[in-house]
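Okay, thanks for coming, everyone.

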Amino acid sequence: MLVKKMLNGIMMKEITIKELADQYDVSTRTIQLKIKKLGYEWDSKESIYRYVGQESEPLDVDFSTLISKNSKMLAEQKLATSEVAASMSYVDESESTSTSSSKASTVDAIDLLLQSPKDRSKRVYRGFYFDDDVLNIIDRVPKSYKSELVNEALRKVFKEKG
C-alpha cells in the first residue's frame, strides 16, 4: 500500500492504525514510528497527518517496504516471549530441581524493564494516586523507566484478565 493511500485512509477513517498493525503483523507503535520516520506528525486538532520532513514528501513509497521481515520476526518473537512469560507461574525454589537457565525463562517484560531500557512510544500524561507500597517499588526504578514499568505491569494484568 502506498503511503499516500494509507495516510488518506487513516485521515478518512477508512482504516485504523490497529488494522494496519494487524495487516503487517507489527505493533501499533511500530506503525506510528514508521509514519513519523517518514516525516509526518499527527495533528490531533484536525485529525490529519502533516508532512514536516526536510526532503520531498514520500507519497509514492510502498509502506510495506518499510516494515522489514526482521522487525516482523522480532515482534512475533517478543509477543510469543511475553505471552509465555506472562502465563508461566513461578515455582518455589525448594520444589525446583532445574538449572539456572530454566529460571531465566520465567523473566517477563516487567523483569526486563527493571533490568534494562526499552524504546519509548509517544505517550499521553495522566496523573494517578498510588499506595505507598506500590510507589516504593516504582521509585526503585530509574526515572526514565517508570512509565515503561507501569505500562508493562498494567498490560500484563489486563492481558491476564482478558
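**Starting from one serine**

Let's start at Ser47: setting aside neighbours within four places in sequence, Ser47 is in contact with Met11 and Trp42, where contact means heavy atoms within 4.5 Å. Before I go on, the ground rules. This is a predicted model, so local features need pLDDT of at least 70, side-chain atom pairs count only at pLDDT 80 or more, and totals for chains, interfaces and linings use all residues. Residues are numbered from 1 along each chain as its sequence is written, and side-chain values use heavy atoms, with hydrogens and water left out.

Back to Ser47. Ser47 sits in the loop between β1 and β2. Helices here are DSSP runs of H or I with at least four residues, strands are runs of E with at least two, and both are numbered from the N terminus. The cut-offs are under 20% relative accessible area for buried and over 50% for exposed, with partly exposed in between, using a 1.4 Å probe and protein chains only. Ser47 and Ile10 are 37 residues apart in sequence, yet 9.1 Å apart in space, C-alpha to C-alpha.

Now the backbone. Ser47 has a phi near 55°, which is positive, and Ser47 isn't a glycine. Most residues other than glycine have a negative phi. Asp25 does this too, with a positive phi of about 55°. Asp25 is in the loop between α2 and α3, and is partly exposed at 42% relative accessible area.

**The hairpin and its charges**

The turn with Ser47 belongs to a hairpin: β1 and β2, with four residues between them. β1 covers residues 40-43 and β2 covers residues 48-51, and they pair antiparallel over four bridges; pairing takes at least two bridges found by DSSP. Asp43 stands opposite Ile48 in β2.

Asp43 also makes a salt bridge with Arg50, 2.9 Å from N to O. By salt bridge I mean a side-chain nitrogen of Lys or Arg within 4 Å of a carboxyl oxygen of Asp or Glu. Which other residue does Arg50 bridge to? That's Glu46, with the closest N and O atoms 2.8 Å apart. Put together, Asp43, Glu46 and Arg50 are linked in a network of salt bridges. Asp43 counts as buried at 17% relative accessibility, while Arg50 is partly exposed at 35%.

The whole structure has six salt bridges. Another one is Lys18 with Asp22, where the closest N and O atoms are 2.9 Å apart. Lys18 and Asp22 are four residues apart in helix α2, so about one helical turn separates them. Lys18 is partly exposed at 48%, and Asp22 is partly exposed at 45%.

**The core**

What about the inside? The largest nonpolar core has 17 residues, and Ile10, Ile31, Ile35 and Phe63 touch the most other members. A nonpolar core here is a set of buried Ala, Val, Leu, Ile, Met, Phe, Trp, Tyr and Cys residues joined through side-chain atoms within 4.5 Å. Helices α1 (3-11), α2 (17-24) and α3 (28-37) each supply at least two residues of this core. In soluble globular proteins, nonpolar side chains tend to be buried together.

Take Phe63. Beyond four places in sequence, Phe63 touches a list of residues including Met1, Leu2, Tyr24, Ile31 and Leu38.

Stepping back, the protein has eight helices and two strands, running α-α-α-β-β-α-α-α-α-α from the N terminus. Of its 162 residues, 20% count as buried.

Now confidence. pLDDT is the predictor's confidence in each residue, from 0 to 100. The protein averages 74, and 66% of the residues score at least 70. Where is confidence lowest and where is it highest? Helix α5 (residues 100-104) is lowest with a mean of 42, and helix α7 (residues 132-139) is highest at 90. Over residues 70-77 pLDDT is below 50, and that stretch has seven contacts beyond near neighbours in sequence. Residues 79-104 also stay under 50, with 14 contacts beyond four places in sequence. Where pLDDT is low, the predicted coordinates should not be read in detail.
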